[in-house]
Amino acid sequence: MDSFHLEEKGDKFAQAALVLGIISIFSAIFLFWTFFIPLVTGGLAIIFALLSKSQGKKISKKSKLGLILGIIGSVLLTTILTTMIASTIYRLRNDEAYRNEVRESLSATEDMMESMYGEEFMDQYKELYGDDFSFENTFDQLFGE
């Protein structure tokens with residue numbers, strides 16, 4: 001294979017890395033609840049940027065930018081999700097009204113499951129796993145009163 005085809009192939013990888021890196025950042029900001037989109041696009045951007053480097057040649061500017069954007073998108077998503085999880089745990093530990101709201105939501109979910117399946121969640125859980133489980137006990141152990 002001649003060098004022209006290698007450069008052309010490398011340029012396509014560089015373009016793909018750049019586009020995927022941009023998608024990774026935008027999806028991390030606006031679609032973070034679908035965490036797999038920014039993770040996959042960021043990871044692919046990094047991989048394509050590294051694949052675009054031809055043997056013995058420097059990495060192109062497009063590839064560098066795609067690599068940087070892919071890394072930023074992945075780190076940004078990780079930061080957003082970590083912040084959301086930490087703030088939720090903080091609120092559960094320190095805000096009684098929020099804790100009661102979550103308890104009510106769990107209770108409503110149990111009631112909905114009972115109306116849909118004709119038996120309580122605990123009965124289904126015991127049947128499947130042979131163990132006793134309680135949202136209330138676990139919730140209280142984790143976030144205490």
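Helices (H or I, at least four residues) and strands (E, at least two) are taken as DSSP runs and numbered from the N terminus. On that basis the chain has six helices and zero strands, in the order α-α-α-α-α-α along the sequence. The model is predicted: local features need pLDDT of at least 70 and side-chain atom pairs count only at pLDDT 80 or more, while totals for chains, interfaces and linings use all residues. Residues are numbered from 1 along each chain as its sequence is written, and side-chain values use heavy atoms, with hydrogens and water left out.

**Chain totals**

- Of the chain's 145 residues, 23% count as buried; buried means under 20% relative accessible area, exposed means over 50%, and partly exposed lies in between (1.4 Å probe, protein chains only).
- Among contacts with a separation of 6 or more, 65% come from residues 24 or more positions apart; a contact means heavy atoms within 4.5 Å.

**Helix α2**

- Helix α2 (residues 36-51) has 16 residues, and its first and last C-alpha atoms are 22 Å apart, close to the 22 Å expected at 1.5 Å a residue. The expected span of a helix is 1.5 Å times one less than its number of residues.
- Pro38, Thr41, Gly42, Ala45 and Ala49 are the buried residues of α2. They cover an arc of only 100° around the axis, so they sit on the same side of α2. The arc is that of the directions from the helix axis to the C-beta atoms.
- Gly42, in helix α2, has a relative accessible area of 0% and is therefore buried.
- The C-alpha atoms of Gly42 and Gly70 are 4.0 Å apart in space, although these residues are 28 apart in sequence.
- Leaving out residues up to four places away in sequence, Gly42 touches Ser24, Gly70 and Ser74.

**Helix α3**

- The 34 residues of α3 should span 50 Å at 1.5 Å a residue, which agrees with the 48 Å between its end C-alpha atoms.
- The buried residues in α3 are Ser63, Gly66, Leu69, Gly70, Gly73, Ser74, Leu77 and Leu92.
- Gly66 lies in α3 and is buried because its relative accessible area is 0%.
- Between Gly66 and Ala14, 52 residues apart along the chain, the C-alpha separation is 6.9 Å.
- With residues up to four places away in sequence not counted, Gly66 touches Ala17, Leu18, Gly21, Ala45 and Ala49. Ala45 and Ala49 are among the buried residues of α2.
- Gly73, also a residue of α3, counts as buried because its relative accessibility is 0%.
- Gly73 is 46 residues from Ser27 in sequence, and their C-alpha atoms are 8.0 Å apart.
- Gly73 touches Ser24, Ile25 and Ala28, residues up to four places away in sequence not being counted.
- Pro38 and Gly42 are among the buried residues of α2.

**Helix α4**

- Helix α4 has 22 residues and reaches 31 Å from its first C-alpha to its last, close to the 32 Å expected at 1.5 Å a residue.
- Tyr98, Arg99, Arg103 and Met113 are buried in α4. Viewed down the axis of α4, its buried residues fall within an arc of 145°, so they line one face of the helix.
- Ala97, Glu101, Glu104 and Ser115 are exposed on the other side of α4.

**Packing of α3 against α4**

- The axes of α3 (residues 61-94) and α4 (residues 96-117) come within 6 Å of each other and cross at roughly 100°. Axes are lines fitted to C-alpha atoms, for helices over the stretch in contact, and angles run from 0 to 180 degrees between N-to-C directions.
- That angle makes α3 roughly perpendicular to α4. Angles of 65 to 115 degrees count as roughly perpendicular, under 35 as roughly parallel, over 145 as roughly antiparallel, and the rest as oblique.
- The contact involves Thr88, Arg91, Leu92, Arg93 and Asn94 from α3, and Glu96, Tyr98, Arg99 and Val102 from α4.
- By class, the contact of α3 with α4 has three nonpolar, two polar and four charged residues. Ala, Val, Leu, Ile, Met, Phe, Trp, Tyr, Cys and Pro count as nonpolar, Asp, Glu, Lys and Arg as charged, and the others, Gly among them, as polar.
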